[in-house]
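Me: I would like to learn how to read a few features of a protein structure. Please take them one at a time, with the general idea ahead of the case.

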Amino acid sequence: MKRPFVRRALAGMAITLLVLAGCARPDSDAGAATASAPITPALIPAPTTLQVGEGSFVINAGTRVSATGDAATRVAGQFAAYLQSAGGPALAITDADGKNGIRFVLETGDVAAASPEAYTLDITPDGVTVKARDERGLFYGAVTLWQLATQGDKGGVTLPALNIEDAPRFAWRGFMLDPARHFQTVDEVKKIIDAMAVHKLNTLHWHLTDDQGWRIEIKQYPKLTEIGGCRVPAGDGGKDPKTGEPRPYCGFYTQDQIRDVVKYAAERYITVVPEINVPGHATAAIAAYPELGSTDTPLVPSSEWGVFPNLVNVEEPTIAFFENVLGEVVQLFPGTYVHIGGDEAVKDQWEASAREQARMRQVGAKTEMDLQGYLVERLEKYLAGHGKRLIGWDEILEAKLPPEATVMSWRGIEGGLKAARQGHDVVMSPSNKTYLDYLQTASPNEPPGRPALITLQDVYAFEPVPPELEESQRHHILGLQANLWTEHTRTFARLQHNAFPRLAAVAETGWTPAAKKDFADFTRRLPTQLKRYDAIGLGYAKTPFEAMIATEDDRKGGTVKVTLSNPLGYPMHYTTDGSEPTPTSKAFASPLDLKLPVTVRAAAFAEGRALAPAATFELTPAALLTRTDEAMAVCPDAGRLLLRLEDDGPAEGERAIFNATIFYPCWQWNQADLDGIASIKVRAGRIPYYFQLAHDEPHRTFEPAKSPLGELEILGGGCKGHTLASVPLPAAPGADGFLDLEAPLPAGTAGRQDLCVRFTGDTRPQMWVLDRITLQPR
C-alpha cells in the first residue's frame with residue numbers, strides 16, 4: 001500500500017575519498033591569484049589549538065606539493081588527488097623542499113612521545129607545512145587542510161595564515177554499521193568509510209550476524225550464508241508481486257570482499273572490528289546448523305524485529321564451531337578487536353533444556369548467566385591465543401569476565417562505569433545518546449525508526465567520561481561509538497539521513513578536548529560542513545534544517561495563529577504570498593496571526609543561504625480539520641513504545657509510514673474542537689505485527705473485540721474516556737491497502753476534548769494503524 005509521499009529523496013554519496021577535496025573549487029581558474037579573501041576556519045571536529053596569524057596563502061596551479069619517503073608521499077598524493085579529481089589544479093609532487101608550496105613532513109624520532117594521530121599544520125604567506133610523527137597523523141593533517149580548502153563557495157582558494165596543533169581526545173572514535181537487518185553493498189560500505197575518514201573517525205564496527213541474517217562467508221560452514229544469508233520479509237514485501245511466490249531478501253560478503261573493504265578502510269586509517277554474535281541474536285546461524293541451537297524447533301532467519309529466545313548451546317561441538325568461525329575471521333581482520341555480542345540473550349531455552357542444565361553442572365555454572373560467562377571465557381581464550389582482544393556488549397559483565405575483555409556500554413553508562421572500576425577497558429555507546437536509528441527531529445519528514453528523539457543536541461552533549469568515575473580509572477574509557485541499527489533503515493539513502501549530521505557531533509566529541517566543545521559554535525560551523533556534504537554528494541538529513549510549523553486555529557473567526565521553528569534554532573524567514581523565502585524575507589520573531597486561507601512558506605538560513613528547501617504550508621479551514629498520525633499524540637500511560645513503522649509493500653519503491661505504539665495501539669488528538677462536527681473520518685492501513693518482545697510480551701495489550709473482526713473506536717476525554725463512536729471493521733483494507741471509515745458522533749457533541757482513536761482486537765498477526773483523522777462538519 002502507498003500514500004502520497006512528501007519526503008525528499010536523499011542524494012548518494014561520492015564513490016571514493018579521492019573526490020572529497022576541492023569540490024567547492026572553481027572549475028577552470030582554481031587557485032588563481034585573484035582568489036577571494038581568506039576564509040574564517042570552520043573545522044569539524046574542532047582542533048585542539050588554532051591560532052590565526054598575519055597574511056594568507058593562495059593555492060594556485062603553480063603550487064607544488066613536496067614529500068620525502070613513502071608514507072609522506074602517499075599522503076601527499078592523496079591530497080593532490082583530492083584537488084585534481086574535483087576540478088582543481090593538478091599539483092606536482094616532488095621530493096624537493098622549497099617555499100611557496102605545501103609540504104608533508106613525517107618526522108623521525110620517538111613516535112611514542114605523541115599520539116600517532118597528532119599533527120601540526122602551519123600556513124604562512126610562504127607556504128603550508130603539515131607535520132606528524134606517524135602516517136595517521138599526517139593523514140589527519142591533510143584532512144584538515146582539505147576542509148580549509150573546501151569550505152567556501154566557488155572561487156579562489158585563499159587560506160588564512162594559522163597554526164594548528166592537534167591530536168584526538170580518544171583513541172576509539174567509532175561507528176557501527178548493521179548489514180544483518182538490511183544489507184549494504186560493498187560500494188555503500190566504502191562510501192561510509194569515506195565519510196568517516198573526513199570526520200577523523202577511526203573505527204568501523206561491522207555487525208555481521210544477527211537473527212535476520214549471517215553476512216560473512218565462512219568457508220568451513222557454507223550453510224551460514226546459503227541458508228542464514230536469506231530471509232523472507234514479512235507481508236507483501238516478501239512476495240513476488242507477479243507470482244505471489246516468496247521473495248527472499250539475501251546478501252553476504254565473500255571473504256575477498258571482506259579483504260577489499262578492510263584494505264580500503266586501512267588506506268583511510270580506519271580499523272574494522274567484526275562482530276559475530278553469541279549466544280543470542282543467533283537465529284540465522286541456528287537455522288543454518290540446527291545442532292547449534294538449544295531447541296528442537298526448526299528455525300529460519302527471522303523476518304521480525306526485537307528480542308528472540310533462540311540461543312546457541314554451550315556444548316563442546318558448538319564451542320569448536322565458533323572457534324573455527326573465529327579462526328577464519330581473525331585471518332580477515334588484522335585489527336586488535338573481535339566483537340562477540342553477548343547482548344539480549346534471553347535464557348528461557350537454556351532454563352528449559354535438560355542438556356544445558358547438565359552442561360551447567362559439568363562446567364560449574366550456578367546460573368544461566370554463568371554459563372554465558374563460560375562461553376565468553378572460552379572465546380576470549382581462543383582469541384587471545386590468536387593475538388586478539390575480545391569486546392562485547394555490557395551484558396557480558398553479568399558473569400565473571402576475563403581481565404583482558406573490553407566492554408561496550410550500551411544500556412546507559414552504568415555498564416561502562418562498572419567495567420572501568422573492575423579494570424576493563426570501555427567504549428561508551430549508550431542507546432539514549434548515540435543510537436542513530438532513533439529519530440533526530442519531530443518532523444513528519446523523518447524516515448522510519450524509533451520516534452523517541454535523539455537530537456543533534458543530545459548527541460553533541462554526551463560526555464563519554466562520567467564525572468563520577470575516579471580519576472585513576474578514567475584511562476579505561478577508550479572512547480565512544482555511535483550505532484545505527486537497520487531494522488527500519490531499508491535503503492542506503494535513509495542510512496545516510498540517519499547518520500549525518502549527527503555523526504559529525506560524535507566525531508567532535510571523540511576528537512576535540514572537552515573544555516573546547518561548544519554547541520553554539522558547532523552550529524555556527526555546521527553550515528560550512530553542509531557545503532562540504534553537498535560537494536561530496538553525502539545524503540545528510542535535511543530535517544534538522546527544515547522549517548516546522550505549529551498552528552492554533554479559530555474556526556469561527558477564520559484565523560490561525562502560526563508558530564515557526566527550526567530544530568537547531570537557525571533564523572527563520574518566511575512569506576505569506578506563496579513566494580520563495582529569501583534572506584531578505586520577513587524574519588520570524590513571534591507567532592503570526594493570519595486570516596484563512598493562507599500559504600506560508602519558510603526556511604532556515606545561515607551564511608545567506610537556505611539550509612534546506614523551503615517548506616510550504618497550505619493553511620485552509622479544511623486542512624486544519626485533518627491530522628496525520630505524525631501529528632497525533634500518544635495516549636498517556638498506554639502507548640509506551642512508539643515506533644515509526646513502514647508498510648509491508650510494495651516490494652520496491654516508497655511505502656507508507658505510520659507512527660504506532662505496539663504495546664497498546666492508540667492515537668490522540670489533544671483538545672480537538674468538536675463544535676459543529678457531525679462525524680469523524682478515519683483513514684487506516686494494516687501492517688504485519690513483526691515484533692518479538694521476549695519477557696516484555698505480557699506488556700502488549702489491546703482492547704478485546706466486541707464483534708468478529710473488531711471495531712474502530714472513537715473516545716472523548718482521552719483513551720480512558722467515554723466512547724463517542726464505534727464502527728465495525730471489515731476483514732481487509734481496500735484494493736489500495738487502506739481503509740476509510742466514517743464514525744457519526746452523538747448529537748450534542750461539542751467543545752474541546754482529547755479525541756482517542758483505537759482499533760479493537762488482537763494486533764497479531766496484523767495490526768490496523770492510523771494514517772489520518774478528519775473532523776467532518778455538519
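Reply: Start with burial: a residue is buried under 20% relative accessible area, exposed over 50%, and partly exposed in between (1.4 Å probe, protein chains only). By that scale cysteine 635 is buried, because its relative accessibility is 2%. This is a predicted model, in which local features need pLDDT of at least 70 and side-chain atom pairs count only at pLDDT 80 or more, while totals for chains, interfaces and linings use all residues. Residues are numbered from 1 along each chain as its sequence is written, and side-chain values use heavy atoms, with hydrogens and water left out.

Me: What does the pLDDT of the chain average?

Reply: pLDDT is the predictor's confidence in each residue, from 0 to 100. The chain averages 92, and 93% of the residues score at least 70. Helices (H or I, at least four residues) and strands (E, at least two) are DSSP runs, numbered from the N terminus. Confidence is lowest in helix α1 (residues 70-85), with a mean of 84, and highest in strand β9 (residues 203-207), at 99. Over residues 1-34 the pLDDT is below 50, although this stretch has 134 contacts in the model beyond near neighbours in sequence. A contact here means heavy atoms within 4.5 Å. Where pLDDT is low, the predicted coordinates should not be read in detail.

Me: How many disulfides does a search of the whole structure find?

Reply: A disulfide is a covalent bond between the sulfur atoms of two cysteines. The cut-off applied is a pair of cysteine sulfur atoms within 2.5 Å. The search of the whole structure gives 3. One of them joins cysteine 230 to cysteine 250, with the sulfur atoms 2.0 Å apart. Cysteine 230 lies in strand β12 (residues 230-231) and cysteine 250 in strand β13 (residues 249-250), so this link ties together parts that are 20 residues apart in sequence. The link of cysteine 230 and cysteine 250 is right-handed, with 120 degrees about the S-S bond. Cysteine 230 is partly exposed at 22% relative accessibility, and cysteine 250 is also partly exposed, at 42%.

Me: Which cysteine is joined to cysteine 635 by a disulfide?

Reply: The partner is cysteine 719, at an S to S distance of 2.0 Å. Cysteine 635 sits in the loop between β29 (626-628) and β30 (642-646), and cysteine 719 in the loop between β35 (711-716) and β36 (722-728), so the pair ties together parts that are 84 residues apart in sequence. Cysteine 719 is buried, at 9% relative accessibility. A disulfide is also listed between cysteine 719 and cysteine 756, with sulfur atoms 2.2 Å apart. Cysteine 756 lies in strand β38 (residues 752-759), so its pairing with cysteine 719 ties together parts that are 37 residues apart in sequence. The torsion about the S-S bond of cysteine 719 and cysteine 756 is about 90 degrees, so that disulfide is right-handed. Cysteine 756 is buried, with a relative accessible area of 0%.

Me: How many salt bridges does a search of the whole structure find?

Reply: Side chains of opposite charge can pair when their charged atoms come close. The cut-off is a side-chain nitrogen of Lys or Arg within 4 Å of a carboxyl oxygen of Asp or Glu. The search of the whole structure finds 48. Among them, arginine 74 and glutamate 135 meet at 2.8 Å, N to O. This pair links distant parts of the chain, with arginine 74 in helix α1 and glutamate 135 in helix α2 (residues 135-149), 61 residues apart. Arginine 74 is partly exposed at 46% relative accessibility, whereas glutamate 135 is buried at 17%. Salt bridges also link Arg490, Arg494, Glu646, Glu654 and Arg655 in a network.
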